[in-house]
Amino acid sequence: MSLINMNNATKWRHFGTLISFVLIALSIISLSTKGLNFGLDFTGGMISEVRLDPSLTANDIQHKLEAALHQPVTVVSGGESGDWVLRYAAPETLSDQPELKPLLESFSKQVEMINVSLMGPQVGQELAEQGGLAVLITLLVILGYLSYRFEWRLASGALLALLHDVFLLLGFFSITGMEFNLTVLAALLAVLGYSLNDSIIISDRIRELLKANVDLPIAELNNRAIASTLSRTLITSGTTLISVGSLWLLGGEPLFGFSVTMFIGIVAGTWSTMTIATIIPEMAKLGPQHYAPTPITDNP
């Protein structure tokens, strides 16, 4: 006998929503106490473009420089063989910054300094503000679309499911202390679009069932909507997770934050679609009457 069936699906949805609210509360507490570990994209730092021995790998360069500079160093390929972009935090005074070229010459026969620049904290602050503005505008546009597409009770469920995914991802980065950079922000915006797609599908199905089954309670209709879309949701999410998992395992350090964000976001989005997106309309007493056609009167 299946653990979850039409008879106990409502109980499982309520239990899943309770877990989601607990996780959201933990995320908010962590964000308010620890905050996020912003990367150099937001805090500023040194950016050096160098050309080294082509036999060196990104991991080799990263381990050598982190041991010498005693701080995290991001190493990204510059496109051509042997070209690298190095990012690391700048000291309070530039005089305390060790010369990079001698450090590179200690493990690379070929060293050419192409460009060295300093990105100040003001630039990083502007990027942080623009990133936050991008997330806010995205949520507002989604809110406008949902309000136009669905009755406000269904729209509220889809919007709260999106907020659930955002808080869970931000809370994960706050609790773990992982670096939050522009790549992670891009993945966060992608997760919003992906989660919205799932929420729209389940909301659309609920709306269809409300029109076709005016005598059934909303809880039963929600369970039927989940059952009819579950296979499609799991197949879509599963195939996407395979691709994201490949990036996670094979993409290396530059794509690690992106792939982790996408992986957790897809799982959280699928979870919130089947719990919060259906529970909120149920709590708001959504019923067939809200989609009943407006009667036409003979009055002018």
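Predicted model: local features only at pLDDT ≥ 70, side-chain atom pairs only at ≥ 80, totals over all residues.

**Entry 1: the cavity**

The largest cavity holds about 30 Å³ of space.

Next I asked which residues line the largest cavity. I found Ile202, Ile226, Thr229, Leu230, Thr233, Thr273 and Met274. I then sorted this lining by class and got 4 nonpolar residues, 3 polar residues and no charged ones.

Which helix gives the largest share of that lining? I traced it to helix 8, with 4 residues. Helix 8 spans 218–250, and helix 9 spans 256–274; each of the two supplies at least two lining residues.

I found an open sheet of 4 strands, paired in the antiparallel sense, and I wrote down its order as 3-4-2-5. At the edges I noted strand 3 (74–77) and strand 5 (111–119), each of which pairs on one side only. I also looked up how neighbouring strands of this sheet are turned against each other, and the average is 20°, with direction ignored.

To get my bearings in the pair, I looked for the position facing Arg51, and it is Asp83 in strand 4.

What packs on the sheet? I found helix 3 there, made of residues 58–69. Helix 3 touches strand 2, strand 3 and strand 4, and its direction makes about 35° with that of strand 4.

**Entry 2: Val111**

Is Val111 buried or exposed? I read a relative accessibility of 17%, and because the cut-off for buried is under 20%, Val111 counts as buried.

I then asked what Val111 touches, leaving aside its neighbours within four places in sequence. My list reads Arg51, Leu52, Lys101, Leu104 and Glu105. Arg51 was already in my notes as the residue opposite Asp83.

Val111 and Val50 are 61 residues apart along the chain, and I noted 7.1 Å between their C-alpha atoms.

Definitions and conventions. Residues numbered from 1 in each chain as written. Heavy atoms only, no water. Pairing = 2+ DSSP bridges. Axes fitted to C-alpha atoms, helices over the stretch in contact; angles between N-to-C directions. Contact = heavy atoms within 4.5 Å. Buried < 20%, exposed > 50% of the residue type's maximum accessible area, 1.4 Å probe, protein only. 1 Å grid on protein atoms, 1.4 Å probe; cavity = no way out; pocket = protein on both sides within 12 Å on 5 of 7 lines; lining within 4 Å. Points joined across faces, edges and corners; volume = space filled by probe spheres on them. Nonpolar A, V, L, I, M, F, W, Y, C, P; charged D, E, K, R; others polar.
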